[in-house]
Amino acid sequence: MTRTTRTIFLLLAFVLPLQVYSWGFYAHQRINRLAVFALPPEMVGFYKKHIRYITENAVNPDKRRNVVANEAPRHYIDLDMYGDSALYKLPRFWQPAVAQFTEDTLMAYGIVPWHINFMKYQLTQAFKERNLDRILRISADMGHYIADACVPLHTTSNYNGQLTGQRGIHAFWESRLPELFSDNYDYFVGPARYIEQPQLKAWDLVASAHTALDSVLYFEQQLTQEFDEEKKYSFELRSNVTTRVYSREFSEAYSNMLNGQVERQMRLAVHAVASYWYTAWVDAGQPSLGTLTNSLSPEELHRLEMEKKEYETGPHKVREEQ
């Protein structure tokens with residue numbers, strides 16, 4: 001690379017930001033969609049009938065972060081803010097956690113494992129009421145939070161590598177890698193299973209993610225030392241905008257070092273989403289879903305339209321990439 005080319009590259013690197021996603025909109029939608037096919041026969045027909053809704057609305061919780069002040073904490077938990085061994089010492093249930101730390105503290109550091117259990121309760125109630133609108137809305141949202149709990153960088157205050165000079169690693173792990181390689185992942189996860197203790201299962205998901213965190217950060221640091229800046233990043237045209245992204249070469253090397261980690265966490269998310277939906281249905285008494293109305297109510301269609309407008313103009317500032 002000539003000196004002139006290097007100068008242009010470095011200038012562009014400062015001018016153009018890295019592409020930002022969530023678990024990626026792409027990955028969230030894929031996880032929800034695949035979860036449908038892990039459901040038992042009594043449920044799969046209903047969910048397949050509404051698979052477009054379940055898929056497209058998997059990203060709504062991320063969109064709501066711009067308009068709902070208390071939405072962001074539902075997506076993560078900063079375990080390191082509670083000190084050593086927090087993963088094993090934190091109360092698993094909400095009321096004891098509030099009593100020990102206060103609700104303000106919990107909201108400040110994230111509540112994803114507790115919120116998943118709350119969503120499971122809501123979905124059970126929706127099934128009992130045979131409320132199509134709420135079943136679909138809560139199912140889509142719940143899938144999002146469960147998937148977020150499976151992301152290592154959703155378990156730390158260093159959620160975007162900003163504390164270790166690795167800014168951008170969040171979207172790299174949960175979006176760029178699935179975008180490039182997930183077509184080759186094995187998504188056969190087996191049938192959904194009944195979850196005996198949904199609240200504890202949510203913490204199991206967080207534990208699986210958190211124990212992978214060191215590798216996520218360490219391997220990226222190691223590879224960065226081996227790659228020149230111009231080889232670590234490349235540029236792609238997205239929606240007619242030239243955007244700086246992690247290069248395919250760097251991404252492939254990182255994926256190989258992680259040895260299937262992203263695939264494992266996506267598989268875990270797919271099976272967990274299906275299992276939580278199934279558990280909520282069983283706990284509701286296994287109501288027949290085949291006799292439910294096929295269409296969303298006019299009120300729900302109106303709500304979706306109003307939310308869409310709010311998403312586009314939301315005033316709330318949320319933390320950079322979580």
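Student: Which orientation do α3 and α16 have to each other?
Tutor: Helices here are DSSP runs (H or I, at least four residues; strands are E, at least two), numbered from the N terminus. The axes of α3 (residues 41-49) and α16 pack at about 115°. Angles under 35 degrees count as roughly parallel, over 145 as roughly antiparallel, 65 to 115 as roughly perpendicular and the rest as oblique. So α3 and α16 are roughly perpendicular.

Student: What kind of model is this?
Tutor: Residues are numbered from 1 along each chain as its sequence is written, and side-chain values use heavy atoms, leaving out hydrogens and water. Local features need pLDDT of at least 70, side-chain atom pairs count only at pLDDT 80 or more, and totals for chains, interfaces and linings use all residues, in what is a predicted model.

Student: Which residues of α16 make the contact with α3?
Tutor: Contact means heavy atoms within 4.5 Å. On the α3 side, Glu42, Met43 and Tyr47 take part. Their partners in α16 are Trp277, Tyr278 and Trp281.

Student: What does Tyr47 contact, leaving aside neighbours within four places in sequence?
Tutor: Tyr47 is one of the α3 residues that touch α16. Leaving those neighbours aside, its contacts are Val36, Leu39, Ile54, Phe127, Ile135, Ser139 and Trp277.

Student: Is His271 buried or exposed?
Tutor: His271 is found in helix α16. Buried means under 20% relative accessible area, exposed over 50%, partly exposed in between (1.4 Å probe, protein chains only). At 19%, His271 therefore counts as buried.

Student: How far is the backbone oxygen of Pro191 from a polar atom of the His271 side chain?
Tutor: Not counting residues up to four places away in sequence, His271 touches Val189, Gly190, Pro191, Ala192 and Arg193. From the Pro191 backbone oxygen to the polar side-chain atom, the distance is 2.8 Å.

Student: Which side chain makes a polar contact with the side chain of Asp283?
Tutor: Asp283, also in α16, is partly exposed at 30%. A polar contact is a pair of N or O atoms within 3.5 Å; within protein, one must be able to donate a hydrogen and the other to accept it, and residues adjacent in sequence count only if both atoms are side-chain atoms. Beyond four places in sequence, Asp283 touches Lys120, Thr124, Lys128 and Tyr194. The polar partner, at 2.6 Å, is Tyr194.

Terms used. Axes fitted to C-alpha atoms, helices over the stretch in contact; angles between N-to-C directions.
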